[in-house]
Amino acid sequence: MGEDTPKPDLQEQKKGEASKMFPSREEVAAVDERQASQTLGTTPICEIEERQRVRVSGILQALTFVPMAQSPSLRGQLYDGTGFISLIWTGRRDIPGINVGVHLVANGVVVADRIHGLTIMNPDYSIVARKDADG
């Protein structure tokens, strides 16, 4: 009976211990984004609720042009280390300076969309220069 019980794999156990000592790039980036959000005094995305007026900051991780018959839109995915929020600019095909990898502060009212989750439609925004990006 004792022989049928699987023994913990020593290598798997060591991998788990190593991951605690050496965080992944994603974990380090998340910490950096959370710290930048705190420095800018913006609301962490994980704390946002629908119908709130918020000021959020983060890195634009995805940007998609959505062609629609009546009104095209540009959709961005903003990440702050705690979560994602969609930013949608209606009637826009592109916006100068808005590219994947840019850091933004966005302001607006949050709506909950079944497809995109938390979303800010036509947010006011400013591009933020990051000190660590220049060295």
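Buried means under 20% relative accessible area, exposed means over 50%, and partly exposed lies in between, with a 1.4 Å probe and protein chains only as cover.

## Basis

This is a predicted model, in which local features need pLDDT of at least 70 and side-chain atom pairs count only at pLDDT 80 or more, while totals for chains, interfaces and linings use all residues. Residues are numbered from 1 along each chain as its sequence is written, and side-chain values use heavy atoms, with hydrogens and water left out.

## Overall architecture

The chain has three helices and six strands. Their order from the N terminus is α-α-β-β-β-β-β-β-α. Helices (H or I, at least four residues) and strands (E, at least two) are DSSP runs, numbered from the N terminus.

Of the chain's 135 residues, 31% are buried. The chain exposes about 9300 Å², with carbon and sulfur atoms supplying 51% of that area. These areas come from the Shrake-Rupley method with a 1.4 Å probe. A contact is a pair of heavy atoms within 4.5 Å. Among contacts between residues at least 6 apart in sequence, 50% join residues at least 24 apart.

## Helix 2

G41 follows helix 2 and has a positive phi, near 70°.

## Nonpolar core

A nonpolar core is a set of buried Ala, Val, Leu, Ile, Met, Phe, Trp, Tyr and Cys residues joined through side-chain atoms within 4.5 Å. The largest one has 17 residues, and V56, I85, L87 and L104 have the most contacts inside it. Strand 1, strand 2, strand 3 (84-90) and strand 4 each give two or more residues to this core.

Leaving out residues up to four places away in sequence, L87 touches L74, R75, G76, L78, L104, A106, I120 and P123.

## P123

P123 sits in the loop between strand 5 (117-121) and strand 6 (124-128). At 5% relative accessibility, P123 is buried. With the sequence cut-off of four places applied, P123 touches L87, I88, W89, A106 and N107. W89 is 34 residues away along the chain, yet the two C-alpha atoms are separated by 7.2 Å.
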